[in-house]
Amino acid sequence: MAKRQLIKELEKQDKEELVRILTEMSRRFPIANMYLTMEFGFESAGIIEKYKKAIRKEYFPTRGYGKARSSKVAKILKEFTQIAAFQEDVVELMWYQIENAIDYYKLFGSEYEPFLNNLLKNWKFFLEKARKEGLMPLYSEKVDALFTERFKKSWLATQLIFILENPFSSEAEEEIED
């Protein structure tokens, strides 16, 4: 059903019918229930924590070694983006993912190219989103703390710092290639 058609059909319904439809959707589809929970501000911290645990488990499980699978992390972030009612929560989860990925890199020295490419892509996306939402001042101290003296000497840190200090460089490079 097209969006306009859906809107027209919903406008035809009375209040009780809309409540029934939302209740049924919430019951049948857990993701719809999570979205409504976050939209109305009920227990959203629990939902955010659930996604943080899933990210943490991918990098640092309680048993064994983390796999740091980019596809799994991307799936977690995408699902959360779909249910998040507030962009601040999305930015916070993105930051959490970046922190864990960098901690993983620091601990294991992963030079696996897909991991590094995904980390750089997520870093760019985080910076764009945080700047767009006006949240960069909230993260400036966290970003500074992330770049320890030892980490600053790594190739990854130089790339991350370059992206941080040159927010429009990637867009300019893409325009030149086109």
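Modeller: The protein chain has 11 helices and 0 strands, where helices (H or I, at least four residues) and strands (E, at least two) are DSSP runs, numbered from the N terminus. This is a predicted model, in which local features need pLDDT of at least 70, side-chain atom pairs count only at pLDDT 80 or more, and totals for chains, interfaces and linings use all residues. Residues are numbered from 1 along each chain as its sequence is written, and side-chain values use heavy atoms, with hydrogens and water left out.

For a sense of scale, the C-alpha trace spans about 65 × 45 × 30 Å along its principal axes. Of the 178 residues in the chain, 34% count as buried (under 20% relative accessible area; exposed is over 50%, partly exposed in between, with a 1.4 Å probe and protein chains only).

Now to our part: helix α3 covers residues 30–39, and Ile 31 is found there. With a relative accessible area of 33%, Ile 31 is partly exposed.

The partner to look at is helix α4, residues 44–59; the axes of α3 and α4 come within 8 Å and cross at roughly 130°. That makes α3 oblique to α4. Axes here are lines fitted to C-alpha atoms over the stretch in contact, with angles from 0 to 180 degrees between N-to-C directions; under 35 degrees is roughly parallel, over 145 roughly antiparallel, 65 to 115 roughly perpendicular, and the rest oblique.

Where do they meet? On the α3 side, Met 34, Thr 37 and Met 38 are in contact with Ser 44, Ile 47, Ile 48, Lys 50 and Tyr 51 of α4 (heavy atoms within 4.5 Å).
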